Amino acid sequence: MSAATERIDATPDIHTTAGKLADLHRRTAEHADSEAATERQHAKGRGTARERIDALVDPGSFVELDALTRHRSTNFGMDAKRPYGDGVVTGTGTVDGRPVAVFSQDATVFGGALGEVYGEKIVKVMDLAVKFGCPMIGINDGGGARIQEGVVALGLYGEIFVRNVRSSGVIPQISLVMGPSAGGAVYSPALTDFIVMVDGTSHMFITGPDVIKTVTGEDVGMEELGGGRAHNSRSGVAHYLGSDEDDAFSYVKELLGYLPSNNLSDPPGFPATEPTGSVADGLTDTDLELDTVVPDSPNTPYDIHEVLRRVLDEGEFLEVHALFAPNIVVGYGRVDGRSVGIVANQPTRFAGCLDIDASEKAARFVRTCDAFNVPVVTFVDVPGFLPGTEQEWNGIIRRGAKLIYAYAEATVPKVTVITRKAYGGAYDVMGSKHLGADINVAWPTAQIAVTGAAGAVSILYRKELAGLDGERLTARRVELQQEYEDTLANPYIAADRGYIDGVIPPSHTRGYIGRALRTLATKREVPPSRKHGNIPL
């Protein structure tokens, strides 16, 4: 080693080019996570901020922004510790070759708490995401607002919230909660399109267990209060529960594959894996299996996933909100290589009835699809809305109306398949022609009526049945129910009125949907001019 090299390594002379480069390398080296901090994160089952970005984006694609920023606070001795980057890593990269913007909070710096500069970095990358027209992905692992910076930190939260709102429906926004997220910090993820959490290591809550115990006397643990499983199955705040961080990142990557980069582009298209042309092209064994999916008895459940597996390309279905309101199924798949959003009643849960949670879950999903140009395909097997005082008192009227609003407002292609029951107001709500669906078909097993046969007979023949008992009552009730089903509970009256466009064999469903989507690819629907509607929140 030369004397000049030794001098640069020891004390860089910033008045020379070599010295300036050495000084840059010194500053850049400070970004690296310390071994102790990395070990602490790994011991908790969590990755570091940079490890997480590397797990998300394509190798070598990440370009960091604002790596040399530092906080400006002098309160409580803060000026003695001014790490570069200030606790959050921001930048751009690609996922499967498509651009994304990313921020990743670093829990090893001030506990991941947000301060002024930290917030400014997030605001900047959010603004760039809108300007570039690419998805914004936030990796959250922080302790809320930085107390030492006071109201300035709160102000930056407000700036972030505003950008979440202004970006809504413009670019996809995805939040990964991979550690604690408390207080005001939870509202930025709540404003995004999708929230992904990790089982056992993610927590979200407005007030923590200690505060709750002090104020209300309730004794609750962090996992029960705000863990990933609680928010996926009980509150409905989160949309997917990863078994670990790698699983969470894999889900986000797959999700991005179904979505466009922004609201002015279409989702990625792929070559169709199987033909979806006319019947003359031939039906596959998988198609023919649909003819036997629906049981003979209308009261026997079947798993709607079995239908979706046979209709979607390669049987691939990315479910959203799988653990919440399982009586309705929503998620993404492809038909004929095109992305579609699926909304389907699930007969194995509450017989597929709509309730408050299912209505809100489906309404949110339909609106997300509509915002990002993803056609909506609906599979209907719904006996009605779930009855009960709990549902009524908790607002099923107002909250169920959200699903009506979502379907009626959506302008993307909408295709509906009635597989079995479509009773009462739930028939209208589930993507009916009356709410603006473009193509509606039914299977021969469909029962479209005001109510089911048992309820209808009890109302229509109340006086006659009151005079019967025993075997005579049972036999007459069966006879009248069969007569009602033959007369009204079938798809042909709706077809006669044009409320459905055809009655098709189940085995033809995949081809029918594929052709419908090709026809609707150029659909243009201009809503009336207005500032915005007033959805019944």
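Modeller: What follows covers the sheet, one of its strands, the nonpolar cores and a surface patch, all in a predicted model.

Colleague: In what order do the strands of the open sheet run, and what is the pairing?

Modeller: The open sheet has seven strands in the order β1-β2-β3-β4-β5-β7-β9, with mixed pairing. Its edge strands are β1 (63–65) and β9 (240–242), each of which pairs on one side only. On average, neighbouring strands of this sheet are turned by 20 degrees against each other, direction ignored.

Colleague: Which strands does β5 pair with, and in what sense?

Modeller: Strand β4 (residues 136–140) pairs with β5 in the parallel sense over five bridges. Strand β7 (residues 194–198) also runs parallel to β5 and is joined to β5 by four bridges.

Colleague: Which residues of β5 are the bridge partners of I139 and N140?

Modeller: I139 has L176 as its bridge partner in β5, and N140 has V177.

Colleague: And what stands opposite L176 in β7?

Modeller: That is V196.

Colleague: Is β5 enclosed or open to the outside?

Modeller: Strand β5 (residues 173–177) is largely enclosed by the rest of the structure, because five of its five residues are buried, where buried means under 20% relative accessible area.

Colleague: How are those residues divided between the two faces?

Modeller: Q173, S175 and V177 lie on one side, while I174 and L176 lie on the other. Both faces are covered, as all of these residues are buried. As a general point, side chains in a regular strand alternate between the two faces of the sheet.

Colleague: Turning to the cores, which residues have the most contacts inside the largest nonpolar one?

Modeller: They are L176, Y332, V343, L354 and I418, in a core of 60 residues. There is also a second, separate core of 25 residues, which includes V294, Y302, V311 and V329.

Colleague: Now the surface: which residues make the nonpolar patch?

Modeller: V151, V152 and L154 make a nonpolar surface patch of about 280 Å². Of these, V152 is found in helix α6 (residues 151–167).

Colleague: Why does V152 count as partly exposed?

Modeller: V152 has 33% relative accessibility, and therefore counts as partly exposed; that class lies between the limits of under 20% for buried and over 50% for exposed.

Terms used:
Residues are numbered from 1 along each chain as its sequence is written. This is a predicted model: local features need pLDDT of at least 70, side-chain atom pairs count only at pLDDT 80 or more; totals for chains, interfaces and linings use all residues. Side-chain values use heavy atoms; hydrogens and water are left out. Patches are made of residues with over 30% relative accessible area and no salt bridge: like charges are joined within 9 Å, nonpolar side chains (Val, Leu, Ile, Met, Phe, Trp, Tyr) within 5 Å. Accessible areas come from the Shrake-Rupley method with a 1.4 Å probe; for residues, only the protein chains shown count as cover. A salt bridge is a side-chain nitrogen of Lys or Arg within 4 Å of a carboxyl oxygen of Asp or Glu. Buried means under 20% relative accessible area, exposed over 50%, partly exposed in between (1.4 Å probe, protein chains only). Two strands pair if DSSP finds at least two bridges between them. Axes are lines fitted to C-alpha atoms, for helices over the stretch in contact, and angles run from 0 to 180 degrees between N-to-C directions. A nonpolar core is a set of buried Ala, Val, Leu, Ile, Met, Phe, Trp, Tyr and Cys residues joined through side-chain atoms within 4.5 Å.
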